[in-house]
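Q: I'm new to this one. Could you walk me through how to read its features?

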Amino acid sequence: MNTIQHPLKTANEVSVWQLTAKIVVLAGVLMAYSYCLLLTISSVIRMANS
(Lines give C-alpha, C1' and ligand atoms only; values in the text may rest on other atoms or scores of the structure.)
Protein backbone atom coordinates (compact mmCIF):
# COMPACT_ATOMS: atom_id res chain seq x y z
CA MET A 1 0.00 0.00 0.00
CA ASN A 2 2.80 2.40 0.86
CA THR A 3 4.66 1.63 -2.38
CA ILE A 4 1.50 2.46 -4.38
CA GLN A 5 0.95 5.83 -2.68
CA HIS A 6 4.55 6.98 -2.99
CA PRO A 7 4.75 7.01 -6.83
CA LEU A 8 1.42 8.83 -6.99
CA LYS A 9 2.72 11.44 -4.59
CA THR A 10 5.92 11.78 -6.62
CA ALA A 11 3.98 12.11 -9.89
CA ASN A 12 1.73 14.69 -8.29
CA GLU A 13 4.74 16.67 -7.08
CA VAL A 14 6.30 16.48 -10.55
CA SER A 15 3.12 17.76 -12.19
CA VAL A 16 2.94 20.60 -9.65
CA TRP A 17 6.55 21.53 -10.42
CA GLN A 18 5.84 21.39 -14.17
CA LEU A 19 2.80 23.63 -13.71
CA THR A 20 4.83 26.04 -11.60
CA ALA A 21 7.58 26.15 -14.23
CA LYS A 22 5.04 26.84 -16.98
CA ILE A 23 3.48 29.66 -14.96
CA VAL A 24 6.91 31.20 -14.28
CA VAL A 25 7.87 31.02 -17.96
CA LEU A 26 4.52 32.51 -18.99
CA ALA A 27 4.90 35.31 -16.46
CA GLY A 28 8.42 36.05 -17.76
CA VAL A 29 7.22 36.18 -21.37
CA LEU A 30 4.32 38.45 -20.44
CA MET A 31 6.63 40.75 -18.46
CA ALA A 32 9.06 40.98 -21.38
CA TYR A 33 6.21 41.66 -23.81
CA SER A 34 4.69 44.36 -21.63
CA TYR A 35 8.15 45.95 -21.14
CA CYS A 36 8.66 46.09 -24.91
CA LEU A 37 5.15 47.49 -25.33
CA LEU A 38 5.84 50.21 -22.77
CA LEU A 39 9.12 51.09 -24.50
CA THR A 40 7.30 51.32 -27.83
CA ILE A 41 4.55 53.53 -26.38
CA SER A 42 7.05 55.83 -24.68
CA SER A 43 9.10 56.18 -27.89
CA VAL A 44 5.95 56.97 -29.88
CA ILE A 45 4.97 59.62 -27.32
CA ARG A 46 8.49 61.05 -27.48
CA MET A 47 8.33 61.21 -31.29
CA ALA A 48 4.89 62.85 -31.14
CA ASN A 49 6.11 65.50 -28.71
CA SER A 50 9.16 66.46 -30.79
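A: A salt bridge is a side-chain nitrogen of Lys or Arg within 4 Å of a carboxyl oxygen of Asp or Glu. Accessible areas come from the Shrake-Rupley method with a 1.4 Å probe, and for residues only the protein chains shown count as cover. This is a predicted model, where local features need pLDDT of at least 70, side-chain atom pairs count only at pLDDT 80 or more, and totals for chains, interfaces and linings use all residues. Residues are numbered from 1 along each chain as its sequence is written, and side-chain values use heavy atoms, leaving out hydrogens and water.

Q: Which residues form a nonpolar patch on the surface?

A: Tyr33, Leu37, Ile41 and Ile45 do, with about 410 Å² of accessible area together.

Q: Where is leucine 37 placed?

A: Helices (H or I, at least four residues) and strands (E, at least two) are DSSP runs, numbered from the N terminus. Leucine 37 is in helix α1, residues 2–49. The protein has 1 helix and 0 strands.

Q: Why is leucine 37 called partly exposed?

A: Buried means under 20% relative accessible area, exposed over 50%, and partly exposed in between (1.4 Å probe, protein chains only). Leucine 37 is partly exposed because its relative accessible area is 42%. Of the protein's 50 residues, 0% count as buried.

Q: Is serine 50 buried or exposed?

A: Serine 50, in the segment after α1, is exposed, with a relative accessible area of 80%.

Note on methods:
Patch = residues over 30% accessible without salt bridge, like charges linked within 9 Å, V, L, I, M, F, W, Y side chains within 5 Å.
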